[in-house]
Amino acid sequence: PMAGFILLLLACAVSGMFLSHTIIHVSMFSQYKSEPKPYCGCTLIAQQWAVSAAHCWRPAMMLVFGEHNLFIDEGYEQYFNVSGIYVHNFNYRTYNNDIMLIKLSKPATINAYVEPARLPGPTNPLEYMDTCTVSGWGVTSLYNPTPSDELRAVDVHLYTDCQYYYWGRVNSNMLCAGYRYGGKDACKGDSGGPLMCNGYLEGIVSWGISCANPYFPGVYTKIRNYVNWIYWVMANDS
């Protein structure tokens, strides 16, 4: 490929309670050659569909499922192109509606390493202050810009008073999660990835101030507000 060509690579993995996780990488061939550079995440929700944050959109995306270590061919990976992208009135200024629905070029093979996450429904109420899990290959320290080689996860708690931390900046399409003492959070490279609560995909990593700061929890797109839209798009896509 030509120097400067950008390839976006999305890699999905299955690990424990968060069934299927995706990461988006960007590879600048003029700088990284064959080594991918992770920058975002997303989640498999159906055999041929995944969700991510709208702010993670880039052109020329490729998906890889069954990933765990970014730099080791573990033999479980599945590679796909993208055949469709759908967004929902995303506002780049406020990050409202920060959700992107991605159609794969062909159905993924569901097995022990690749399985869709479950979407929440009205019979699965969101329990605030419950323990949830956020995962990804993002950086593990503000002082170390290098992303993690392996998929990592951390438990966080849902916050009921998100407006207290982000006055006027969060709305009903967002939720917050963090740890009251700090030290646990999503960070750079985790955007678009999943927040799993009680076995359901409840959030998409969206934005925040700093990382793992006790005064600023992470802000997530509230998935359950978009479930009807997701099902409508999947049913009506031609």
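This is a predicted model: local features need pLDDT of at least 70, side-chain atom pairs count only at pLDDT 80 or more; totals for chains, interfaces and linings use all residues.

User: Which residue does K103 pair with?

Analyst: K103 pairs with D237, and their closest N and O atoms are 2.4 Å apart. This pair links distant parts of the chain, 134 residues apart. K103 is in strand β7 (residues 100-104), and D237 is in the segment after α3 (227-236). Helices (H or I, at least four residues) and strands (E, at least two) are DSSP runs, numbered from the N terminus.

User: Is K103 buried or exposed?

Analyst: K103 counts as buried, at 18% relative accessibility. D237 is partly exposed, at 22%. Buried means under 20% relative accessible area, exposed means over 50%, and partly exposed is in between (1.4 Å probe, protein chains only).

User: And what does R224 pair with?

Analyst: R224 forms a salt bridge with E202, with the closest N and O atoms 2.7 Å apart. R224 lies in the loop between β13 (218-222) and α3, and E202 lies in strand β12 (residues 200-207), so the pair ties together parts 22 residues apart in sequence. R224 is partly exposed at 22%, whereas E202 is buried at 2%.

User: New topic. How many cavities of 30 Å³ or more does a search find?

Analyst: A search of the whole structure finds one. The volume of the largest cavity is about 40 Å³. On a 1 Å grid over the protein atoms alone, a cavity is a set of points where a 1.4 Å probe fits but cannot get out. Grid points are joined across faces, edges and corners, and the volume is the space filled by probe spheres set on the points.

User: Which residues line the largest cavity?

Analyst: Among them are Y159, K184, D185, N213 and F216. Lining residues have an atom within 4 Å of a point. The lining divides into six nonpolar, three polar and two charged residues. Ala, Val, Leu, Ile, Met, Phe, Trp, Tyr, Cys and Pro count as nonpolar, Asp, Glu, Lys and Arg as charged, and the others, Gly among them, as polar.

User: What about the backbone? Which phi value does Y95 have?

Analyst: Phi of Y95 is near 65°, a positive value in a residue other than glycine. Most residues other than glycine have a negative phi. Y95 lies in the loop between β6 and β7 and is partly exposed at 24%.

User: And S210?

Analyst: S210 also has a positive phi, about 65°, and is not a glycine. S210 sits in the loop between β12 and β13. S210 is partly exposed, with a relative accessible area of 38%.

User: Last one. How far apart are M196 and T133?

Analyst: They are 63 residues apart in sequence and 5.2 Å apart in space, C-alpha to C-alpha. M196 is in strand β11 (residues 194-197). M196 counts as buried, at 0% relative accessibility.

User: And G41 with P194?

Analyst: G41 and P194 are 153 residues apart in sequence and 7.8 Å apart in space, C-alpha to C-alpha. G41 is in strand β3 (residues 37-46) and is buried at 2%.

Note on methods: Residues are numbered from 1 along each chain as its sequence is written. Side-chain values use heavy atoms; hydrogens and water are left out. On a 1 Å grid over the protein atoms alone, a cavity is a set of points where a 1.4 Å probe fits but cannot get out, and a pocket is an open set with protein on both sides within 12 Å along at least five of seven lines; lining residues have an atom within 4 Å of a point. A salt bridge is a side-chain nitrogen of Lys or Arg within 4 Å of a carboxyl oxygen of Asp or Glu.
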